[in-house]
Amino acid sequence: MTTADPTEKRERIVVIGADAAGMSAAHQALRSAKAAGRDVDVIALEKTSDTSYSACGIPYLVSGTVGATDELSARTPEKHRAMGVDLRMNVTATKIDLNTRTVTYAHNAGGEEVVRFDKLVLATGAHPIIPQWAVTDGGELVGGVHPVKDLDHARHWLDLVSRRSRGGIAIRRRAAVVGGGYIGVEMAEAMVQRGFSTTLLTRSAVMSSLDSDMSERVREAVQAGGVDVITNTTIADIDIVDGHVRSVTASNGQVYPTDVVVLGLGVRPATELGVAAGLPIGEQGGYLPNERQEVAEGVWAAGDCCEVIERIRGKYVLAPLGTHANKQGRICGYDVLGGSHAFPGVLGTAITRFVSAGTHVEVARTGLGTREATEAGYDVESLVTVGGTASGYMPERSPIATKIIADRRTRRLLGVQIVGGAQSAKRIDTAAAVLWGEMSVDDLATMDLSYAPPFATVWEAIQLAARRLSDRM
Ligand SMILES: Cc1cc2nc3c(=O)[nH]c(=O)nc-3n(C[C@H](O)[C@H](O)[C@H](O)COP(=O)(O)OP(=O)(O)OC[C@H]3O[C@@H](n4cnc5c(N)ncnc54)[C@H](O)[C@@H]3O)c2cc1C
């Protein structure tokens, strides 16, 4: 005898992916339903055994700064369930049918189920980019070679950096980090802090989202911090002994002996489910949500699986960051229940740091770089100014190089980049606020910002930089 499911007739929201974007959507939907006095079921499907963790904290876990993997989890599955989300873990959504409004999912342990939805939220994130040379003929990752994307990867790296030997043979603790973006830089910091002799190899520059004069400052600092930085190179070959990496050969012909290879090559949106269901994707492979994050009638998407509108040029870009995933997820949670919240787009604001014995460099950017601004048709003027984070007589003062990029015709601020010492990079948020308001370089130079000797110079560093560019223009 079958018993009718009493929830079958209730409004049902299904969320695929239960991390930053997905769980923000799930909880906001529950809050909105409660506020509206509506009976709604929220089902979240997650293929791993982890939910709501900070991938952003993984490099600091691997370095030993964060003591345990659990500390990266914001909420346990039990807590989500206690708050009302029907969270189904270790299940992989395999098919979306937009006609029957159903999702099919497979239990990782075996077995399949189909669940009906009224509203669907896609929050499947992104896949780490795995180059061909990192994979064996059997499709497995070469031993010692691993990406950094989720908590299973974090556990792998934690185990590896803690291990002193493999098969009874002492590990020599040499690391190659491939990729010079923020994850590569943060993982290079982690490996150095764990005592690995570390080489960072990157296709172009370190932090190539900066202009080359600014990324060169980062390269110098990372190099000074004990990492051998090789720019403008790719991996041409890998030497494998007993299934384990022994060395990598770069396109410059140089062989780098190594025991481990960290893959920090970026991500690509995980959109295969939606594509198979007929949803459109953009040039960069992500879903193309409207400003309410809707991708089709009754279907929303949020987080790394989406492209986002970059506000200055008004075009879709990839900006796979946790800060956007959380905000977009929340908007989905409102709007699945008829709200009309909008995601306003991004500026490409980002921040990171590299710290090792004796070196502390912070890096931040917002808006357009010189090349992007020029390609977008702006009449670009830019200037780098080196100032300080505190008055010259204060012991905590550290240097801060600020690059200001503006449009000569309209004097509109277009972008700001910062490379400096401790307490420098978070100043980028002031610049982001000026960009957000579409203000001018003169506005940034003259607006009322705070000053006291431990915190700033009397002409705050980014104001000094803006003033100099304003004078020159
Ligand atoms: C090392 C590292 C450092 C980072 N540092 C920062 C930082 O400092 N600042 C910042 O803003 N961002 C940072 N990020 C980026 C940030 O972590 C991501 O942007 C964010 O996690 C994206 O959230 P999401 O929910 O869209 O995707 P994810 O976090 O990838 O979550 C997607 C979830 O969907 C699940 N899933 C996928 N497909 C299926 C399926 N078919 N069925 C069921 N479940 C599925 C996945 O298992 C996953 O749990 C960092 C990322 C990494 C890897």
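Predicted model: local features only at pLDDT ≥ 70, side-chain atom pairs only at ≥ 80, totals over all residues.
Residues are numbered from 1 along each chain as its sequence is written; side-chain values use heavy atoms, with hydrogens and water left out. Local features need pLDDT of at least 70 and side-chain atom pairs count only at pLDDT 80 or more, while totals for chains, interfaces and linings use all residues.

Select residues 91-97 and 102-107. These are strands β4 and β5, antiparallel over 6 bridges. Strands are DSSP E runs of at least two residues, helices H or I runs of at least four, numbered from the N terminus; pairing takes at least two DSSP bridges. Find Ala-93: its bridge partner in β5 is Tyr-105. The β4-β5 hairpin has 4 residues between its strands, and Arg-101 in the turn has a positive phi of about 55°.

Val-103 has Val-115 as its bridge partner in β6. In this hairpin, Gly-110 takes a positive phi near 115°.

Finish inside. Where is the largest cavity? Its lining includes Gly-303, Asp-304, Cys-306 and His-324. A cavity is a set of points on a 1 Å grid over the protein atoms alone where a 1.4 Å probe fits but cannot get out; lining residues have an atom within 4 Å of a point. Its volume, the space filled by probe spheres set on the points, is about 30 Å³.

Methods: 1 Å grid on protein atoms, 1.4 Å probe; cavity = no way out; pocket = protein on both sides within 12 Å on 5 of 7 lines; lining within 4 Å.
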